[in-house]
Amino acid sequence: MEQQLKDQFDGLLEKYTELLLGESSDELKEKVKMWALYTHISKSMPPLAKHWNSTYPEAKEDLKSIIGEIKDLNEQFRQIKKKD
C-alpha cells in the first residue's frame with residue numbers, strides 16, 4: 001500500500017475523530033477506528049462478532065468500554081456545541 005494513501009486515510013480518520021469527539025489524538029483515533037470497524041462487523045457479519053465475543057470475553061468487555069467512552073465523549077461534545 002502506498003504511503004500517500006496511508007497518510008491521506010490517516011487525515012480522514014483524524015478529521016472524523018475531531019468531528020465526532022471535538023478533539024483528535026493518536027489514542028482517540030485508534031479507539032474510533034476500533035469502534036467503527038467493530039460496529040461495521042457486528043452489523044454486516046453478526047455471527048463473526050458473536051463468535052469473537054464468546055472467544056475473547058475479556059476483549060469484548062474492553063471493547064464495550066471503548067464504545068461507551070466514544071459514546072460519552074460524543075454526547076459531551078454535542079452538548080458543548082449546542083451551547084455555542
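Helices here are DSSP runs of H or I with at least four residues, strands are E runs of at least two, and both are numbered from the N terminus.

**Ground rules.** I am working with a predicted model, where local features need pLDDT of at least 70, side-chain atom pairs count only at pLDDT 80 or more, and totals for chains, interfaces and linings use all residues. Residues are numbered from 1 along each chain as its sequence is written, and side-chain values use heavy atoms, with hydrogens and water left out.

**Fold.** I looked up the elements and found 4 helices and 0 strands. From the N terminus on, they run α-α-α-α. The C-alpha atoms fill a box of roughly 45 × 40 × 20 Å along the principal axes.

Then I turned to contacts (heavy atoms within 4.5 Å). Among those with a separation of 6 or more, 43% join residues 24 or more positions apart.

**Pocket.** I noted its lining (residues with an atom within 4 Å of a point): Met-34, Leu-37, Tyr-38, Ile-41, Leu-48, Ala-49, Trp-52 and Leu-63. The elements giving two or more residues to this lining are α2 (26–44) and α3 (46–55). Which element gives the largest share of the lining? I found that α2 does, with 4 residues.

Key
1 Å grid on protein atoms, 1.4 Å probe; cavity = no way out; pocket = protein on both sides within 12 Å on 5 of 7 lines; lining within 4 Å.
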